[in-house]
Amino acid sequence: MFDPNCSYCAEGELVAKFGIKICELPASKVYLFKEQSHKGRCIVTSKYHVSEMIALTEEERNAFFADVNKVAKAIHEAFHPDKVNYGAYGDTGCHLHFHLVPKYKDGFEWGGTFAMDPKQITLTDAEYDVLITELKKYL
């Protein structure tokens with residue numbers, strides 16, 4: 001199912017407000033979150049417009065979580081966080097996606113829940129490109 005009002009389905013300007021597409025994996029699309037208070041923060045979104053993981057078949061769900069795992073491994077390899085936090089919300093977005101948020105012991109929000117959009121750090125296009133290039137090495 002495709003929803004033209006959904007930022008993840010429509011992509012383009014809607015998703016560009018907060019993310020930069022890195023790549024597509026078998027069951028997902030991967031975006032770098034533009035707000036980079038947590039270096040390497042990404043969003044992994046299902047290729048299916050569903051609100052809940054229970055709407056996926058077992059095969060689709062397993063493929064989606066394999067993609068989430070692959071991105072988490074890439075974040076660990078590229079940026080060496082002390083922990084990656086995972087957030088799956090969607091009360092208003094209604095498209096299954098996970099925020100993968102690298103946390104660093106000496107960094108922003110260590111020991112607490114990450115803010116959805118802290119509006120602290122945005123980068124130049126060149127700086128985003130460096131992060132994306134580093135992640136792609138491991139994807």
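Biologist: Which residues does Leu100 touch, not counting residues up to four places away in sequence?

Modeller: Happy to start there, with the reminder that this is a predicted model. Leu100 touches Gly40, Arg41, Cys42, Val44, Val68, Val71, Ala72, Ile75, Val84, Asn85 and Tyr86, leaving out residues up to four places away in sequence. Leu100 also belongs to the largest nonpolar core, which has 27 residues. Along with Ile22, Leu32, Val71, Ile75 and Leu135, Leu100 touches the most other members of that core.

Biologist: Which elements supply at least two residues of this core?

Modeller: They are β1, β2, β3, α3 (58-79), β5 and α4. Helix α3 gives the most, with eight residues.

Biologist: Where is the other core, and how many residues does it have?

Modeller: A core of seven residues lies apart from the largest one, and Cys6, Tyr8, Val15 and Phe33 are among its members. Take Val15 as an example. Val15 is found in helix α2 (residues 12-16) and is buried, with a relative accessible area of 5%. Leaving aside its neighbours within four places in sequence, Val15 is in contact with Ser7, Tyr8 and Tyr31. Val15 and Phe33 are 18 residues apart along the chain, and their C-alpha atoms are separated by 9.8 Å.

Biologist: Let me step back. What secondary structure does the protein chain come to?

Modeller: There are four helices and five strands in the protein chain. Read along the sequence, the pattern is α-α-β-β-β-α-β-β-α. The radius of gyration is 14 Å, close to the 14 Å that the globule rule gives for 139 residues, so the chain is as compact as a globular protein of that length. Its C-alpha trace spans about 40 × 30 × 30 Å along the principal axes. Of the 139 residues, 42% count as buried.

Biologist: And what share of the contacts with a separation of 6 or more comes from residues 24 or more positions apart?

Modeller: Those residues account for 53% of such contacts in the protein chain.

Biologist: Now the sheet. In what order do the five strands lie?

Modeller: Strands of a sheet pair through backbone hydrogen bonds, and the pairing can be parallel or antiparallel. In this structure the five strands form an open sheet in the order β1-β2-β3-β5-β4, with antiparallel pairing. The edge strands, β1 (19-25) and β4 (83-87), each pair on one side only. Neighbouring strands of the sheet are turned by 25° against each other on average, direction ignored.

Biologist: How many bridges join β1 to β2?

Modeller: Six bridges join these antiparallel strands, and β1 and β2 form a hairpin with two residues between them.

Biologist: What about the pairing of β5 with β3 and β4?

Modeller: β3 and β5 pair in the antiparallel sense over four bridges, and Cys42 has Leu100 in β5 as its bridge partner. Five bridges join β4 to β5 (residues 97-103), again antiparallel. On that side Val84 stands opposite Pro102 in β5, while the bridge partner of Gly87 is His99.

Biologist: Which way do the side chains of β5 point?

Modeller: In general, side chains of a regular strand alternate between the two faces of the sheet. In β5, His97, His99, Val101 and Lys103 point one way, whereas Phe98, Leu100 and Pro102 point the other way. Seven of the seven residues of β5 are buried, so the strand is largely enclosed by the rest of the structure.

Biologist: Which helix lies across β1, β2 and β3?

Modeller: That is α4 (residues 125-136), which lies across β1, β2 (28-33) and β3 (42-46) and runs at about 15° to β1.

Biologist: Are Cys23 and Cys42 buried or exposed?

Modeller: Cys23 counts as buried, because its relative accessibility of 17% is under the 20% cut-off. Cys42, at 0% relative accessibility, counts as buried too.

Conventions. Residues are numbered from 1 along each chain as its sequence is written. This is a predicted model: local features need pLDDT of at least 70, side-chain atom pairs count only at pLDDT 80 or more; totals for chains, interfaces and linings use all residues. Side-chain values use heavy atoms; hydrogens and water are left out. Two strands pair if DSSP finds at least two bridges between them. Axes are lines fitted to C-alpha atoms, for helices over the stretch in contact, and angles run from 0 to 180 degrees between N-to-C directions. Contact means heavy atoms within 4.5 Å. A nonpolar core is a set of buried Ala, Val, Leu, Ile, Met, Phe, Trp, Tyr and Cys residues joined through side-chain atoms within 4.5 Å. Buried means under 20% relative accessible area, exposed over 50%, partly exposed in between (1.4 Å probe, protein chains only). The radius of gyration is taken over C-alpha atoms; the globule rule is 2.2 Å times the number of residues to the power 0.38.
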